[in-house]
Amino acid sequence: MKANEIRSMSAADLEKKLVELKKDLFMLRMQHATNHLDNPVKISAVRRDIARVKTVIREKELEQ
């Protein structure tokens with residue numbers, strides 16, 4: 001995801017997206033542990049997306 005897309009989301013949408021990304025990361029880790037993951041680069045991409053979402057959530061908190 002792009003940072004601009006994330007910044008345009010509401011706070012509730014950001015929280016939902018964060019939960020969704022954390023579930024995705026868990027599933028990717030499980031697949032990696034059982035050698036069923038085709039592309040291990042997905043793990044780092046999801047981790048970066050989680051960091052972006054958390055950063056935007058914090059920015060919105062500081063604005064208020």
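## Contacts and fold

Residues 24 or more positions apart supply 63% of the chain's contacts with a separation of 6 or more. The model behind this figure is predicted.

The chain holds three helices and zero strands. Read from the N terminus, the order of elements is α-α-α. Helix 2 spans residues 11-33.

## Dimensions and burial

Along the principal axes, the C-alpha atoms occupy a box of roughly 45 × 15 × 15 Å. The chain has 64 residues, and 25% of them count as buried.

## Surface and charge

Charged side chains number 14 positive and 10 negative. The centres of these two sets are 4 Å apart.

## The nonpolar patch

Three residues make up a nonpolar patch on the surface: Phe 26, Met 27 and Met 30. Together they carry about 320 Å² of accessible area.

Met 30 sits in helix 2. Is Met 30 buried, exposed or partly exposed? Its relative accessible area is 42%, so Met 30 counts as partly exposed. The buried class ends at 20% and the exposed class begins over 50%, so a residue in between is partly exposed. Patch membership asks for over 30% relative accessible area, and Met 30 has 42%.

Technical notes: Residues numbered from 1 in each chain as written. Predicted model: local features only at pLDDT ≥ 70, side-chain atom pairs only at ≥ 80, totals over all residues. Heavy atoms only, no water. Helix = DSSP H or I, 4+ residues; strand = E, 2+ residues; numbered from the N terminus. Buried < 20%, exposed > 50% of the residue type's maximum accessible area, 1.4 Å probe, protein only. Contact = heavy atoms within 4.5 Å. Lys, Arg positive; Asp, Glu negative; His and termini not counted. Charge placed at Lys NZ, Arg CZ, Asp CG, Glu CD. Patch = residues over 30% accessible without salt bridge, like charges linked within 9 Å, V, L, I, M, F, W, Y side chains within 5 Å. Areas by Shrake-Rupley, 256 points an atom, 1.4 Å probe, with all protein chains shown as cover. Salt bridge = Lys/Arg side-chain N within 4 Å of Asp/Glu carboxyl O.
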